[in-house]
Amino acid sequence: MNDNELITTVRQSVADVHTITPVGQIMSRGRAARARRRIPVLTGALGVAAATVLAVTTLLTASHPAASHPASGHDARLAAFAVTRQADGSIQVSMFHQLRDAAELQQLQGTLRADGIPASVTFIGQQNPACQAYRMPPSDQPISRSVRQGGFPNSPLSGVLGSPFQNPVGDAMVIHPAALPRGSGLQIAVMRGIPARPGGPWPYPKGSGHAVVSVGLVNASPQCTGS
Amino acid sequence: LDFAEFYRRSADECLRAVLVSVGDLDTAQDLVDEAFARAWGSWRTVGRHPAPVAWVVRTALNSNISRWRRRRREISVPDPGMLADPPMVGGAADSPIDPRIMAALMRLPARQRQVVALRLILDLDTGRTAEVLGIAPGTVMAHLGRALGALREDLMPERQQEPS
């Protein structure tokens with residue numbers, strides 16, 4: 001094999017690779033990035049006002065520690081996400097970049113469990129076979145659906161999950177542990193490698209017709225949800 | 001040059017060049033998308049660049065290094081020498097990538113892969129490749145020669161086993 005043949009072989013090996021991203025999506029991403037770059041300027045301009053608000057918030061926090069301090073007392077900041085217990089007892093899961101490694105999922109799962117949420121976190125298609133769909137009488141239907149913006153009408157998940165929303169630092173969803181039916185836990189399945197971009201809608205990537213995260217209720221068990 | 005037209009013409013070749021360098025199609029797609037988004041944001045400058053495709057690929061490769069550095073701080077990475085996620089060698093049956101050749105490319109040092117990406121996939125000349133990578137033209141030629149030699153050996157092992 002001479003150099004020309006080798007070069008041709010290398011070129012042909014990737015010749016069938018084509019981008020899947022439409023130009024409109026690229027431009028949207030560029031606009032979002034431009035908007036994010038403007039935020040620090042705005043933040044500086046509002047610095048004094050923000051400092052005032054922060055001082056008030058701090059005072060309120062100090063006077064109501066039971067309402068504002070997390071029960072577990074931690075704010076886990078990990079590789080691709082943060083799990084934060086909020087004052088109302090809900091758990092906010094923020095995604096900072098795409099989840100690609102099983103280790104990241106294990107960390108998320110462990111953090112949720114430590115915060116009292118029986119949970120199984122896997123990639124989509126690799127769900128734990130020990131998990132059994134939770135069925136709530138009288139419908140006797142498995143309760144599982146993809147996370148969509150706009151909530152979960154007529155489903156117990158509507159109480160467990162807040163509507164996905166954008167927050168200033170990333171993309172987040174909110175879990176209300178108190179709304180979990182007795183004996184149930186969450187099965188969270190993440191599509192591997194789909195970016196969860198700050199500033200973009202979560203858990204749907206902009207312009208995509210595919211769910212990135214699927215959440216379902218399962219029977220809580222040590223083999224599935226850890227407890 | 002209109003950005004949309006530039007994207008239509010060059011997105012595939014940029015994706016292939018970055019794929020050859022990082023070895024994972026998902027990662028390459030995300031890096032290239034991000035680089036094109038930045039190019040769109042700075043199109044007044046990038047559009048006048050003598051080789052906009054080189055700008056995009058260099059931006060994507062720099063982003064990959066930054067991403068790896070961030071992840072290195074955040075979680076332990078099994079092989080710190082790798083700048084990308086493990087390649088999807090032998091992955092999906094419908095993968096458009098030849099797994100044998102991609103595996104051989106991934107066995108090359110990172111710099112040699114970058115030279116292969118720019119010289120062979122983007123078809124940049126030696127001078128432009130040297131400029132993009134910030135190395136001397138002679139070093140580009142040396143890297144390319146070594147890369148081709150290693151690929152030839154890797155892709156034709158049966159020839160090595162023949163008695164001389």
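View 1. The size of an interface is often given as the accessible area lost when the parts come together. In this predicted model, in which local features need pLDDT of at least 70, side-chain atom pairs count only at pLDDT 80 or more, and totals for chains, interfaces and linings use all residues, the area buried between chain B and chain A is about 3500 Å², and carbon and sulfur atoms give 59% of that area. On the side of chain B, the residues that lose the most area to chain A are B:Y7, B:R16 and B:W40, which together account for 17% of what that side buries. Residues are numbered from 1 along each chain as its sequence is written, chains are lettered from A and ligands numbered from 1 in the order in which they are written, and side-chain values use heavy atoms, with hydrogens and water left out.

View 2. Counting as a contact any heavy atoms within 4.5 Å, 42 residues of chain B touch 35 residues of chain A. There are 4 salt bridges between chain B and chain A, a salt bridge being a side-chain nitrogen of Lys or Arg within 4 Å of a carboxyl oxygen of Asp or Glu. One of these joins B:R152 to A:D3, with the closest N and O atoms 2.2 Å apart.

**View 3. The helices of chain B that face chain A.** Helices (H or I, at least four residues) and strands (E, at least two) are DSSP runs, numbered from the N terminus. Among the elements of chain B that each supply at least two residues of the side touching chain A are α1 (3-22), α2 (25-41) and α8 (137-155), and the largest share of that side, 11 residues, comes from α2(B).

**View 4. Strand β8 of chain A.** Buried means under 20% relative accessible area, exposed over 50%, and partly exposed in between (1.4 Å probe, protein chains only). Because 7 of the 7 residues of β8(A), residues 184-190, are buried, this strand is largely enclosed by the rest of the structure. On one side A:S184, A:L186, A:I188 and A:V190 are buried, and on the other A:G185, A:Q187 and A:A189 are buried. Strand β4 of chain A (residues 119-123) runs parallel to β8(A) and is joined to it by 5 bridges, with A:A119 having A:L186 as its bridge partner.

Definitions and conventions: Buried area is the accessible area (1.4 Å probe) that two parts lose on being put together, summed over both. Two strands pair if DSSP finds at least two bridges between them.
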